[in-house]
Amino acid sequence: MKKILITGGAGFIGSHVVRLFVNKYPDYTIVNLDKLTYAGNLANLKDIEQKANYKFVKGDIVDAVFINDLFQTEQFDAVIHLAAESHVDRSITNPLDFVMTNVIGTVNLLNAAKNLWKPELGKEMTDKRFYHVSTDEVYGTLNETGMFTEETAYDPHSPYSASKASSDHFVRAYGDTYGLPIVISNCSNNYGPFHFPEKLIPLCINNIKNNKPLPIYGKGENIRDWLFVEDHARAIDVIFHSAKNSSTYNVGGHNEWTNIDVIRLLCKIMDGKLGREEGESAKLITFVKDRAGHDLRYAIDSTKLQNELGWKPSLQFEEGLERTVDWFLENEEWLENITSGAYQEYYQHQYL
Ligand code: NAD
Ligand code: TYD
């Protein structure tokens, strides 16, 4: 594999994947294609932007002509597709944005890869790869018991998860219909450095720091399975290099927490870091109206990935959360540039 297109590389997870690949594989050329929506921030990649094997392209995956031309010009050998609208609450307000980017954008990439690589059904293509990064939310919700495996039937509930489920189906369909060499992984909730502060953990870190209310939806009883983002990036590396064509892997932390317990732990860690009396930050917890269609519980069974490809999470949650808090406290400017909106003006101007 020589030239790899990573889409959404200026976002949270994408920036960790770009960094890992640029540093670990100097022989690869990594092209990061990103529209720089509100969620894209090139400050996430400052440490690698000058590397010789890295290139940034600003562009929209919804623009089919542009995408096809880019594939023809750059002659990509592989794609790792992360670009997406990713926030469930925004999908409830603006579902069509999610259809455009997550469904149409993905199909545009599939078409461009098909046009360039010219796969033939029944003929195994081993030197090309289309890797689609997806979410466990496509499986819907669990009650108190059970876990999502790769065989769990899709049952999405939010416009976000419905759009990701749809894109997964299209990716599989291109494998089955045209012989495109595809791979999919479905991961649980990520957390860590560069997490956009609209999501639960970074939002609460920012609010604790600024003594603002911590909005907990409903009773805080919903359960998520949290994985440190660098562990996800490592899983993507392993799956990209070792998975068989048309395979699917679940990626998760075996790390289930109710939202209220996550925030209580976060408050305790931050009380220590900020020199507050224990219990002070927890006073900011505020129960607010529940999210519509709020999935109760996600839990990933990643046995297949562990047994077949030898990946497992490296960090305990307490340690990962403490590292995350330290990162946010040490990178105040990054956070302030986002909350003030300055990050967007700067980069949008540079790449207009
Ligand atoms: P993010 O919102 O932080 O980043 C998305 C990136 O995609 C941004 O840089 C944005 O500018 C870019 N983008 C959006 N629309 C685009 C378009 N039309 N054309 C080009 N670029 C566009 O998302 P994330 O949390 O890093 O998630 C990355 C991927 O991983 C997504 O596909 C998401 O569904 C999946 N995922 C996320 C999680 C999680 O916990 N965050 C868990 C499992 C899977
Ligand atoms: P989020 O970080 O948005 O990820 P996802 O919806 O993809 O799981 O939310 C994580 C959990 O936290 C989810 O159960 C919704 C809840 N939540 C809150 O209680 N308050 C908030 O302000 C946010 C953003 C999320």
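**Close-up views of the predicted model**

The chain has 12 helices and 13 strands. The coordinates belong to a predicted model.

**Figure 1. Overall dimensions of the chain.** Taken along the principal axes, the C-alpha atoms fill a box of roughly 65 × 45 × 40 Å. The chain has a radius of gyration of 20 Å, which agrees with the value near 20 Å that a compact globule of 352 residues would have. Of the 352 residues, 55% count as buried. Among contacts with a separation of 6 or more, 82% are accounted for by residues 24 or more positions apart. An unreviewed UniProt entry lists residues 5-324 under "domain: NAD(P)-binding".

**Figure 2. The seven-stranded open sheet.** The strands follow the order S3-S2-S1-S4-S5-S6-S11, and their pairing is parallel. Strands S3 and S11 (248-251) stand at the edges with a single partner strand each, so one side of each is left without a neighbour in the sheet. On average, and with direction ignored, neighbouring strands of this sheet are turned by 20 degrees against each other. Helix H1 (residues 12-24) packs on the sheet, where H1 touches S1, S2, S3 and S4. The direction of H1 makes about 165 degrees with that of S2.

**Figure 3. Pairing of strand S1 with its partners S2 and S4.** S1 runs parallel to S2, and five bridges join the two strands. Lys3 stands opposite Thr29 in S2. S1 also pairs with S4 in the parallel sense, over four bridges. The bridge partner of Thr7 in S4 is His81.

**Figure 4. Strand S4, covered on both faces.** In a regular strand the side chains alternate between the two faces of the sheet. In S4, Ala78 and Ile80 lie on one side and Val79 and His81 on the other, and all of these residues are buried. S4 pairs with strand S5 (residues 129-135) in the parallel sense over four bridges. His81 has His132 as its bridge partner in S5.

Figure 5. Seven of the seven residues of S5 are buried, so the strand is largely enclosed by the rest of the structure. One side of S5 carries Arg129, Tyr131, Val133 and Thr135, while Phe130, His132 and Ser134 are on the other. Strand S6 (residues 182-187) runs parallel to S5, and six bridges join the pair. Val133 has Ser185 as its bridge partner in S6.

**Figure 6. Helix H2 and the elements that cover it.** The buried residues of H2 (residues 64-74) are Ile67, Leu70, Phe71 and Glu74. Seen down the axis of H2, these residues fall within an arc of 95 degrees, so they line one face of the helix. Val65 and Thr73, on the other side of H2, are exposed. The cover over the buried residues includes strands S1 (3-7), S2 (29-34), S3 (54-58) and S4 (78-81), together with helix H4 (95-117). Just after H2, Gln75 takes a positive phi of about 55 degrees.

Figure 7. Phe228 has its place in S10 (residues 227-228). Its relative accessibility is 3%, under the 20% limit, and therefore Phe228 counts as buried. Leaving aside neighbours within four places in sequence, Phe228 is in contact with Tyr191, Gly192, Pro193, Leu315, Gly320, Arg323 and Thr324. Phe228 and Pro313 are 85 residues apart in sequence, and their C-alpha atoms are 7.9 Å apart in space.

**Figure 8. Ala43 in the loop between S2 and S3.** Ala43 lies in the loop that runs between these two strands. With 24% relative accessibility, Ala43 counts as partly exposed. Ala43 and Leu20 are 23 residues apart in sequence and 16 Å apart in space, C-alpha to C-alpha.

Note on methods:
Residues numbered from 1 in each chain as written. Chains lettered and ligands numbered in written order. Predicted model: local features only at pLDDT ≥ 70, side-chain atom pairs only at ≥ 80, totals over all residues. Heavy atoms only, no water. UniProt positions renumbered as here; feature names shortened; annotations may be inferred. Buried < 20%, exposed > 50% of the residue type's maximum accessible area, 1.4 Å probe, protein only. Arc of directions from axis to C-beta. Contact = heavy atoms within 4.5 Å. Pairing = 2+ DSSP bridges. Axes fitted to C-alpha atoms, helices over the stretch in contact; angles between N-to-C directions. Rg over C-alpha atoms; globule rule 2.2 N^0.38 Å.
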